[in-house]
Amino acid sequence: MKTIKNLTFAALAATLLFQTSITRASDQGPKHITFQKCFVADADDPFGGPFVGTVDGDCGVGTVVAKFVTLIPGKAIWRFSAEYTITTPGCSFKTVCAGIEDVRTGHIVLNGVVTEGDHVGARVQVRAQDNADLTCSSGIMTITPRK
């Protein structure tokens, strides 16, 4: 009888161990955050100010602040990098992303990495659309953990 109890306990422990691993794996899947942000003038900012707005999605409702790190304007394509600070109850982090904006269409594509907070080291992709005067944008940020 003692052997059966030990085997039953061992089987239960193994089942719980594997169940925990499966749960953790599903928590690590890609997260999607939608955002809307607009330019806020700041005379002390070397680029004139940040973009500030709201986020929603897999991390909950919160705020976003996006600050230019570099900006290289072109005739049709602008190259830039930016630091995004996302603050929500479900996950808060900073990410640095770089990419392009087609100023003819307002389409933005950036790629980067989470540098602080939840999901450090995860890959980030931003796909957004600017409004006609390039003062506001909305889009989706996808955070994909590294394996």
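Which residues lie nearest the centre of the largest pocket?

**View 1. Centre of the largest pocket in a predicted model.** Phe51, Phe68, Glu101, Asp130 and Leu134 lie nearest the centre, out of 18 lining residues. Here a pocket is an open set of points on a 1 Å grid over the protein atoms alone, where a 1.4 Å probe fits and there is protein on both sides within 12 Å along at least five of seven lines; lining residues have an atom within 4 Å of a point. The model being predicted, local features need pLDDT of at least 70 and side-chain atom pairs pLDDT 80 or more, while totals for chains, interfaces and linings use all residues. Numbering runs from 1 along each chain as its sequence is written, and side-chain values use heavy atoms, with hydrogens and water left out.

**View 2. What lines the largest pocket.** The lining splits into 12 nonpolar residues (Ala, Val, Leu, Ile, Met, Phe, Trp, Tyr, Cys, Pro), four charged (Asp, Glu, Lys, Arg) and two polar (the others, Gly among them).

**View 3. Leu134, a pocket residue with positive phi.** Leu134 isn't a glycine, yet its phi is about 65°. You'll find Leu134 in the loop between E7 and strand E8 (136-144); strands are DSSP runs of E, at least two residues, numbered from the N terminus. Leu134 is partly exposed, at 25% relative accessible area (buried is under 20%, exposed over 50%, partly exposed in between; 1.4 Å probe, protein chains only).

**View 4. His119 and its positive phi.** His119 also isn't a glycine, and its phi is near 70°. His119 sits in the loop between E6 and strand E7 (123-130) and is partly exposed, with a relative accessible area of 22%.

Technical notes: Helices (H or I, at least four residues) and strands (E, at least two) are DSSP runs, numbered from the N terminus.
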